[in-house]
Amino acid sequence: LVFTEEDKYGLYSNLLFKYFLAEGIVCGHDLFVASAKEHPDNILKELPAPLLDDTYGKELGDEAAAVKSEDFQDSMKIAWRYQNLPKMEASPTTYTKFGHYYDVSKKMSPELCQSVKWHSFYLHEELPFEPKMKTCNMNSGYARLLQSIQRIISQEGFDGSDPQKKQRNVLRIGIQSLGSILWGDDVCCSDTPEDTHSLTKFLYVLRGLLRKSLSACIITVPAHLIQNKAIMERVTNLSDMVVGLESFIGSERETNPLYKDYHGLVHVHQIPRLNSLICDVSDTKDLAFRLKRKLFTIE
Amino acid sequence: QGKFTLLRDTRTDGSFLVHHFLSFYLRAGCKVCFVALLQSFSHYNIVAQKLGVSLAAAKERGQLIFLEGLKSCLDLVFGEEEQPGQPSPLQFLSTSDLRALFDFVRVSLAPADGDSWKGPVLLVDDLSVLLSLGAAPVAVLDFIHYCRVSVCCQLKGNVVVLVHSNEDSEDEENELVVNSLCHHSDLILWAEGLATGFCKDVHGQIKIIKRLSLRQAVEQDLVQIYQYKIQDRNVTFFARGLSAAVL
């Protein structure tokens with residue numbers, strides 16, 4: 001369960017969200033996209049196009065003219081964890097082995113988008129809620145989303161329930177701007193929200209669904225709007241990985257010469273420690289990102 | 001015997017202590033009831049195997065009663081209507097009432113015919129989650145109190161509980177629970193991330209506090225501080241400033 005704290009205007013976290021979905025398409029995974037803000041159809045039309053291996057070197061040459069080759073190989077790759085699949089190590093010198101690279105200036109072709117099965121949940125277009133579950137005093141928007149996710153996991157056999165399926169696949173779930181007022185939650189509006197437990201209960205049930213199926217999920221949350229920090233602490237404990245994006249737009253760091261090549265900072269608040277006593281802590285935790293015309297890089 | 005141990009972590013993940021106690025008590029031949037709220041059974045099983053214990057085997061021979069919170073939650077939320085006489089231990093998600101969870105613990109550790117296990121143990125990972133799921137701090141403290149009476153006093157067993165705490169935390173409910181538990185613990189193991197930030201050779205510091213002042217007329221608690229490094233199958237402890245990387 002990857003939890004991303006959105007940057008103030010949601011620009012970069014949206015990009016990260018789209019990267020997650022794009023990677024799913026390129027890997028042939030099924031997608032489940034949920035939002036109360038943007039219609040999932042529109043989100044999927046705006047995914048970045050993958051860079052093919054032969055053009056990659058050239059793109060890199062254009063972008064990285066000022067960067068020495070050994071500097072680039074130290075770039076951080078974002079590691080995704082899949083249930084039941086061995087963790088893939090990304091060695092710093094062979095960057096083409098894990099994951100794919102994308103060209104932000106081009107959109108993914110509709111043919112490629114349609115090549116995978118995808119499910120969407122747009123809160124405002126959902127039919128009236130007929131709960132087939134116990135909602136446990138949870139906000140109805142969250143309860144509906146959980147019911148929808150559980151239905152897809154069960155129907156499509158991601159929880160191993162359909163023995164007919166020979167090829168098991170992974171479900172990538174992306175949930176945009178959870179906690180915002182658009183979901184019917186007032187946790188972003190006041191520091192004493194009426195319902196302090198809906199968001200955390202939702203995350204707990206979601207965590208249960210993820211653990212029981214071949215799925216991975218990214219959630220973006222407008223954390224800067226959540227005034228009740230206690231809730232943020234609890235949400236962090238319920239997630240496997242927590243990453244915060246801080247953009248320099250409109251902040252005093254924009255003019256700081258130290259950051260002149262970058263657009264913002266990446267704060268890794270928590271990394272997963274699953275199935276092991278140790279966790280994979282990289283050497284450095286001071287990360288910044290920049291968005292050039294074609295590439296989004298984290299260094 | 002009859003001891004309450006509090007595991008606490010700040011700025012770091014103290015779950016290595018949970019893995020330790022789980023394999024420690026199983027190897028010692030105790031009957032263990034493990035309330036695992038945040039991770040799946042297979043997660044603990046894989047780590048326990050590295051520490052030399054098979055949780056699956058322990059479960060099979062009745063030595064380990066494992067409550068997989070995440071799975072029980074799914075059963076409760078998406079499952080069939082539950083039988084009236086058998087409320088789910090996770091019922092507090094709907095009702096904020098922790099009695100069903102306590103009954104689960106009590107029944108699990110009640111001595112059964114043919115049991116030859118040494119002393120019962122209750123292990124909880126982690127208590128802070130209960131607050132996130134709608135239980136009131138007082139209810140959580142009551143739950144622990146009932147468990148102590150039942151496990152420590154009546155059954156002469158041990159209780160080990162993990163809580164999280166952040167420095168400058170704004171989670172007042174959690175702070176209340178943690179502080180209250182500290183006052184009533186016999187032993188506190190407090191894992192803290194280093195104030196200077198992440199370090200490859202020293203993952204954190206552990207404070208061991210023996211609450212001698214609780215039971216005896218002694219005024220001072222005994223406090224020991226070590227640093228530690230977590231490895232794949234082991235955790236090494238050393239005196240502060242004396243990690244192998246430095247020597």
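Author: Helices here are DSSP runs of H or I with at least four residues, strands are runs of E with at least two, and both are numbered from the N terminus. Counted that way, chain A has eight helices and eleven strands. The model is a predicted one.

Of its 299 residues, 52% are buried. Its accessible surface is about 14200 Å², and carbon and sulfur atoms account for 51% of that. Where contacts in chain A link residues at least 6 apart in sequence, 74% of them join residues at least 24 apart.

The part to look at is a sheet in chain B. This sheet is open and has nine strands with mixed pairing, in the order 3-2-4-5-1-6-7-8-9. At its edges are strand 3 (64-68) and strand 9 (235-238) of chain B, each of which pairs on one side only. Ignoring direction, neighbouring strands of the sheet are turned by 20° against each other on average.

One pairing can be followed in detail. Strand 6 (residues 187-192) and strand 7 (residues 204-210) of chain B run antiparallel and are joined by six bridges. In this pairing, Lys210(B) of strand 7 stands opposite Leu187(B).

Helix 1 (residues 15-27) of chain B lies across strands including strand 1 (4-10), strand 2 (30-36) and strand 9 of chain B, and runs at about 150° to strand 2. Helix 4 (residues 69-78) of chain B lies across strand 2 and strand 3 of chain B, at about 55° to strand 3.

Methods
Residues numbered from 1 in each chain as written. Chains lettered and ligands numbered in written order. Predicted model: local features only at pLDDT ≥ 70, side-chain atom pairs only at ≥ 80, totals over all residues. Heavy atoms only, no water. Buried < 20%, exposed > 50% of the residue type's maximum accessible area, 1.4 Å probe, protein only. Contact = heavy atoms within 4.5 Å. Areas by Shrake-Rupley, 256 points an atom, 1.4 Å probe, with all protein chains shown as cover. Pairing = 2+ DSSP bridges. Axes fitted to C-alpha atoms, helices over the stretch in contact; angles between N-to-C directions.
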